Amino acid sequence: MAQTKATQPKFLSRIEGSPSSNANTYVATAGGNPFEADEEEEIFSKRKMTLNVPSNCSGDLQHLIVAKNWLWCLFTAQGRYNLLRFFLPRAIPPGQVALDKYLTGYKISNIFLDSTGHHLIISLVPKSAAVSADFLYVHSTETTTAQQLKVRRIEKFKDHEITAVAFNTYHGKESTTGSILLGTSRGLIFETELGAVNDTQRKQLYDLGLGLNKYPINGLEVLRVPNSNRWIVVAATPDSLYSFDGTLRPDERSLQPLFTSYVNGEREPNCEKQKTDLSYSMLRIFAPPNSKYPKQWAWLCGAGIRIGELSIESSSNATLLGDTLIHLDFDKVKHLSYEERRVHVPKSFVLTEYHAVLLYADHIKAICLLNQEQVYHEAFDEVRVGKLLNIERDVATGAIYVYTDKSMFTLKITREERDIWRIYLNKGQYRY
């Protein structure tokens, strides 16, 4: 169907014909406009994405993360590490900074981005016992024509490997993160606030590891129930899903009072344990774009993917409601070698309104949350497109990104609700 020039998104230049004068010259997506709907199109479809990376920053892609259309990516080549930041809707030159001088004796384990796209945390782990775990904080600012990235080492968290971050979407803004929670490889939960100039002192709020040398917090979320002062914190470890809740004063900026009754022994956090052979788990929260509160949660654990809804009652003691299990048949691969198992166990996943999209070592697939049927499968040829690394979702826009060490892709979603009525009808739950 022909589209007028006005409906062409500014950040996507057409492959066919003449590109729009408003097109973002730093970003291109193959296959034309991925937002043109086609009734016959599959629910999920992959489109290759090309970034105009400066020649001095080329190399293998190591990490990519996106929030509010701000795309951050880390390239490495011959011991050089370059961090880039692109704004997808407009053609602003990418921000860039070299990280080489910060990484002597370290390797990057993970990166975390806040909901505004302006605060990035880079978790560092030592290559030898001579140094301690550390992390970098990168704050970004921009004008209509340029970007600036400022990197700082956060010394007060030395010897703590950061494995999860819960950014505060309610108090955070472009200049400061607001109070955020940091989870560590030993099960500790800290609170701090990071900004362009000043930081607050760290506070240890809770210890899930209870002295264990290795008990990583793999997921961490901070939520506030709509129209109330009730706050919820959810933390995931390899074998457990914990939830904390409490009421805070409207002017309270710290989350420490929420944990006081738990630290004093007056209450115990809600804990759901799951037997597992995995060394990790993953927590995902889904919220439709522009919504004020998440709609559902999903936890990838030893049994598969558990999904449910989040409490919206200000006076309720429950936090994670419902518990549907998507079986992933982990038991069937226990006897396989490591190389064989890695093909059958998901490395990561994202959540949409009706599907979970799972990333494996050499393919991605989508499973419907309502009937557990596979609706999409896409293989990635490592020789042709590179090694699959991760899948990310921009919470603000709902866009999904898949990347390898050589390529980037967007995963277009076309009317994923199209068959939901049929599923409810088959279950006898459809109402006119």
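Predicted model: local features only at pLDDT ≥ 70, side-chain atom pairs only at ≥ 80, totals over all residues.
Two strands count as paired if DSSP finds at least two bridges between them. Strands (E, at least two residues) and helices (H or I, at least four) are DSSP runs, numbered from the N terminus. V234 stands opposite S243 in β17. Helix α1 (residues 256–263) packs on the sheet and touches β16 and β17. The direction of α1 makes about 115° with that of β17. Axes are lines fitted to C-alpha atoms, for helices over the stretch in contact, and angles run from 0 to 180 degrees between N-to-C directions.

The open sheet has four strands in the order β15-β16-β17-β18, with antiparallel pairing. Its edge strands, β15 (219–224) and β18 (270–273), each pair on one side only. The twist averages 10° from one strand to the next.

T319 lies in the loop between β21 (304–310) and β22 (320–327). T319 counts as buried because its relative accessibility is 6%; buried means under 20% relative accessible area, exposed over 50%, and partly exposed in between (1.4 Å probe, protein chains only). The T319 side chain makes a polar contact with the side chain of S243 at 3.0 Å. A polar contact is a pair of N or O atoms within 3.5 Å; within protein, one must be able to donate a hydrogen and the other to accept it, and residues adjacent in sequence count only if both atoms are side-chain atoms. Leaving aside neighbours within four places in sequence, T319 is in contact (heavy atoms within 4.5 Å) with R230, I232, S243, D245, E309, L310 and S311.

Residues are numbered from 1 along each chain as its sequence is written, and side-chain values use heavy atoms, without hydrogens and water. Local features need pLDDT of at least 70 and side-chain atom pairs count only at pLDDT 80 or more, whereas totals for chains, interfaces and linings use all residues.
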